[in-house]
Amino acid sequence: MIVLGVETSCDETAVALVQEGRRILSNVVSSQAELHARYGGVVPEVASRRHLEAIIPAWDEALERAACTLGDVGAIAVTCGPGLSGALLVGLNFAKALAYSRSLPLVPVNHLEGHVYAAWLGDGPEPAFPAIALIVSGGHSDVVLMTGHGRYRRLGETADDAAGEAFDKVARVLGLGFPGGPAIDRLSAGRPAARLRLPRARLEQPYDFSFSGLKTRVQRIARGEEGNPPDKAELAAAFQESVVDSLVVTTLQAAGDHEARSIILCGGVAANTLLRASLAERSPVPVVTPAPALCTDNGAMIAACGYQRLLAGETGALSLDIDPGLRIGGDAVAF
Ligand code: KG4
Ligand code: ZN
C-alpha cells in the first residue's frame with residue numbers, strides 16, 4: 001500500500017509517497033523559509049499563495065522521484081490541522097481533488113500526530129508502547145503519553161511560548177535571522193557548556209513548560225540591561241542549554257512516572273543537536289528520534305500517520321473541513 005502524504009500547514013509545501021507506513025519512496029519539501037525571512041516570521045497570506053504555486057510542482061516531483069503514477073497510490077493523507085487556515089485549505093483542496101479523481105480514500109491527519117509518526121519512518125526499531133512523545137515545534141511543546149497507535153493522553157504543554165517559537169524570537173533579538181532554531185543550533189555547536197547559566201522555569205503542573213520568561217531575560221541581557229552583554233554565541237548557547245534542560249528533565253520525569261518503554265522525540269525542535277544528544281544520553285529507555293530532515297515539517301510523516309489511520313478505518317468524507325486549532329491527546333478533537 002502506497003500512501004501519498006500532503007502537508008501545507010505552515011511554510012513548507014510538502015508531498016511524499018510512503019510504502020506500508022515506513023518506507024519513503026519520495027519526500028519533496030519546498031520550503032518558503034527564504035520568502036518569509038525578510039519579514040522575520042511566517043506571513044499567513046504569503047504562505048497560502050506560495051502553497052498554491054508550489055503544490056503541483058511538488059506533487060509532480062514526488063511522483064517522478066518515486067517512479068510512480070497516481071495509479072500506484074492507494075490513499076491520500078492530508079494535514080487538516082493544526083496550522084494556518086489559508087495554508088491548510090490549499091493542501092486539503094488539492095488532496096480532495098486527487099482523491100475524488102480516482103475514488104481514493106481521503107485520510108485526515110493531525111499534524112502533531114504526523115510528527116509522532118515520523119518516528120516510524122525508515123527501518124530502525126519501532127517505538128515500544130507505552131511511549132512518551134515530546135512534540136516540540138514552532139507552535140507546540142507537548143508531552144504526550146502514547147499507549148498504542150492513535151491513543152494519546154496529553155500530560156503537559158507550554159504555558160506560553162512553544163519551544164520553537166522561543167528559539168525564533170531569541171534568534172531575532174540576537175539578529176540571527178529566521179528560522180531561529182537552526183541558527184542558534186549552528187552558533188552554539190561545538191562550544192563548551194555556556195559559562196552563563198540562565199534559569200529553568202518551574203511550574204506547578206509537573207509536565208508543563210514556560211519559555212517566555214527566559215526569552216525576556218535573554219532580551220534584557222542582550223540589550224545590556226544587566227551589565228556588559230556576553231558575546232552572541234555565549235548568550236545563544238546559554239539560552240539553548242536552558243531550553244534543552246527543561247525539555248529533557250520534564251520528558252524523563254514523565255517517562256519515569258508512566259513507566260514508558262520508549263521516548264519519541266519529534267517536531268522541528270527535535271532537529272536540535274544538543275536536545276538529541278542530551279535526551280539520548282540521559283534517558284534510561286530507548287529514544288526514537290527521526291533524522292533531522294524528518295523532524296521538521298514534511299509529507300512523509302503525514303503519509304506514515306495516514307497509513308495507521310487507514311488501518312484503523314479512519315477515512316474522511318469529501319466534505320471534510322480544516323481544524324486550525326486541533327490539539328493532540330486530552331481535549332483533542334477527532335475527525
Ligand atoms: O515542526 P516544524 O517544522 O513546524 C511547525 O510545526 O511549527 O517546527 C519549526 C520550528 C521552528 O521554530 C524552528 O526554529 C525550529 O522548529 N527548529 C529548530 C531546529 N530546526 C528547526 N529549533 C532548534 N534547533 C534546530 N536545529
Ligand atoms: Zn510541524
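This is a predicted model: local features need pLDDT of at least 70, side-chain atom pairs count only at pLDDT 80 or more; totals for chains, interfaces and linings use all residues.

- Distant parts of the chain are linked by the pair His115 and Asp297, which are 182 residues apart.
- His115 belongs to helix α4 (residues 111-117), whereas Asp297 sits in the loop between α10 (292-295) and α11 (299-311).
- Both His115 and Asp297 are buried.

**Helix α5 against helix α6**

- Two packed helices are described by the angle between their axes and by the distance between those axes.
- For helix α5 (residues 163-173) and helix α6 (residues 180-188), the angle is about 70 degrees and the axes are 7 Å apart.
- Angles of 65 to 115 degrees count as roughly perpendicular, and α5 and α6 are therefore described as roughly perpendicular to each other.
- The crossing in which α5 passes α6 is left-handed.
- On the α5 side, the contact is made by Phe167, Asp168, Val170 and Ala171, and on the α6 side by Gly180, Gly181 and Ile184.
- By type, the residues of the contact of α5 with α6 comprise four nonpolar, two polar and one charged.

**Helix α5 against helix α7**

- The axes of α5 and helix α7 (residues 212-222) cross at roughly 10 degrees and come within 10 Å.
- Angles under 35 degrees count as roughly parallel, so α5 is roughly parallel to α7.
- Lys169, Val170 and Val173 in α5 meet Lys215, Val218, Gln219 and Ala222 in α7.
- The residues of the contact of α5 with α7 divide into four nonpolar, one polar and two charged.
- Val170 of α5 takes part in the contact with α6 and also in the contact with α7.

**A residue in a loop**

- Ser103 is located in the loop between α3 (85-102) and β5 (106-110).
- Is Ser103 buried or exposed? Ser103 counts as exposed because its relative accessibility is 67%, and the cut-off for exposed is over 50%.
- Ser103 and Gly5 are separated by 98 residues in sequence and by 16 Å in space, C-alpha to C-alpha.

Methods: Residues are numbered from 1 along each chain as its sequence is written. Chains are lettered from A and ligands numbered from 1 in the order in which they are written. Side-chain values use heavy atoms; hydrogens and water are left out. Axes are lines fitted to C-alpha atoms, for helices over the stretch in contact, and angles run from 0 to 180 degrees between N-to-C directions. Helices (H or I, at least four residues) and strands (E, at least two) are DSSP runs, numbered from the N terminus. Angles under 35 degrees count as roughly parallel, over 145 as roughly antiparallel, 65 to 115 as roughly perpendicular and the rest as oblique. A crossing is left-handed if the near helix is turned anticlockwise from the far one by less than a right angle, and right-handed if clockwise. Contact means heavy atoms within 4.5 Å. Ala, Val, Leu, Ile, Met, Phe, Trp, Tyr, Cys and Pro count as nonpolar, Asp, Glu, Lys and Arg as charged, and the others, Gly among them, as polar. Buried means under 20% relative accessible area, exposed over 50%, partly exposed in between (1.4 Å probe, protein chains only).
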